[in-house]
Amino acid sequence: MHASAPSHELRTHLLQLANAGWTGCLHLQHAALWLVGGRVVLVDGALPPVDVIRDAALPVGVDLDDLDWNARNGGTPLLDAVIEHAPAAETVVARLLHEHNLNGIFELLATGERSPEAEEGVRHHVGDRFAQPMLDLIDEADRRIELWRAIADHIPTTTVMFRMSKELPGGAETRVEPTEWRYLALLDGSRTVSDIIDETAESPFRVCSTLYRMVLQEWIEPVPA
């Protein structure tokens, strides 16, 4: 696993568009970045936007695919329609979209994407309800890039395998959260980091940063080659 040098060219370009209040779509090699008034609406990549919010535990009867189809065909923007049908889910939907866009900006900067082709004036059907400041996302992505470099010292490749340590620090006093148990249950010494990413369906950064924290806490250890 290796974090490429951040793309200063792309970063400069994005900040210029943010300062100019630009609206449109930037077409990159592996994704599209949608802006409204210089704010980030969506990093549109391999995961369809409707799938970004499927984990929001929406009420029975809220048909995301139907709302998405209507939005694509000139109806109410997807995010507005979702909150209209499930107002209590607004905080969760906003969090999911923020995490998705942050992961997207992080990957664009960390992999050294070059300045994209710009399509001015177009808007995405998800709508701009949760559009986020470009500078905030870039600042968070930069912090992730620095952490990614530290992670690479302990997880240099996703072929590494981990297992639980024979003794957890603190013994019986060690507190493990349910989300952490989810990872620990998979670390049987035969699964690679890549396997964990596939089985949890979470981003490489989230998986690797969680494993990195567990290594530092001495909860897990690498399996000798």
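User: Is Arg11 buried or exposed?
Analyst: Arg11 counts as buried, because its relative accessibility is 13%. Buried means under 20% relative accessible area, exposed means over 50%, and partly exposed is in between (1.4 Å probe, protein chains only).

User: Thanks! What kind of model is this?
Analyst: It's a predicted model, in which local features need pLDDT of at least 70 and side-chain atom pairs count only at pLDDT 80 or more, while totals for chains, interfaces and linings use all residues. Residues are numbered from 1 along each chain as its sequence is written, and side-chain values use heavy atoms, with hydrogens and water left out.

User: Back to Arg11, which helix does Arg11 lie in?
Analyst: Arg11 is part of helix α1, residues 8-20. Helices (H or I, at least four residues) and strands (E, at least two) are DSSP runs, numbered from the N terminus.

User: And which side chain does a polar contact join to Arg11?
Analyst: The side chain of Asp142, at 2.3 Å. A polar contact is a pair of N or O atoms within 3.5 Å; within protein, one must be able to donate a hydrogen and the other to accept it, and residues adjacent in sequence count only if both atoms are side-chain atoms.

User: Zooming out, how many helices and strands does the protein have?
Analyst: The secondary structure comes to nine helices and eight strands. Of the 225 residues in the protein, 45% are buried. The C-alpha atoms fill a box of roughly 55 × 45 × 25 Å, taken along the principal axes.

User: What order do the strands have in the open sheet of five?
Analyst: The order is β4-β1-β2-β3-β5, with antiparallel pairing. Its edge strands are β4 (117-120) and β5 (132-133), each of which pairs on one side only. Two strands pair if DSSP finds at least two bridges between them.

User: Why is strand β2 largely enclosed?
Analyst: Because five of the five residues of β2 (residues 32-36) are buried, the strand is largely enclosed by the rest of the structure. Both of its faces are covered: Ala32, Trp34 and Val36 are buried on one side, and Leu33 and Leu35 on the other.

User: How many bridges join β1 to β2?
Analyst: Four bridges join them, with β1 (residues 24-27) and β2 running antiparallel. The two strands form a hairpin with four residues between them. Leu26 has Leu33 as its bridge partner in β2, and Cys25 stands opposite Trp34.

User: What about β2 and β3, how many bridges there?
Analyst: Five bridges, again in the antiparallel sense, pair β2 with β3 (residues 39-44). Leu33 has Val43 as its partner in β3. This hairpin has two residues between the strands, and Gly37 takes a positive phi near 60° in it.

User: New topic! How many aromatic pairs does a search of the whole structure find?
Analyst: The search finds one. Phe106 and Trp148 form this edge-to-face pair, at 5.7 Å centre to centre and with 70° between the planes. The pair links distant parts of the chain: Phe106 is in helix α5 (residues 90-110) and Trp148 in helix α6 (residues 134-154), 42 residues apart. For the cut-offs, rings of Phe, Tyr and Trp (its six-membered ring) pair if their centres lie within 6.5 Å; planes under 30 degrees apart count as stacked, over 60 as edge-to-face and the rest as tilted.

User: Is Phe106 buried or exposed?
Analyst: Phe106 counts as buried at 5% relative accessibility. Trp148 is buried too, with a relative accessible area of 9%.

User: At what angle do α6 and α9 pack?
Analyst: The angle between α6 and α9 (residues 204-216) is about 55°, and their axes are 10 Å apart. That makes α6 oblique to α9. Axes are lines fitted to C-alpha atoms, for helices over the stretch in contact, and angles run from 0 to 180 degrees between N-to-C directions. Angles under 35 degrees count as roughly parallel, over 145 as roughly antiparallel, 65 to 115 as roughly perpendicular and the rest as oblique.

User: And what angle for α3 and α4?
Analyst: Helix α3 (residues 64-72) packs on helix α4 (residues 78-85) at about 140°, with the axes 9 Å apart. These two helices are therefore also oblique to each other.

User: Last one: which strands are in the open sheet of three?
Analyst: The order is β7-β6-β8, with antiparallel pairing. Here β7 (188-192) and β8 (220-222) are the edge strands. Two bridges join β6 (residues 161-164) to β7, and Arg163 has Asp188 as its bridge partner in β7.
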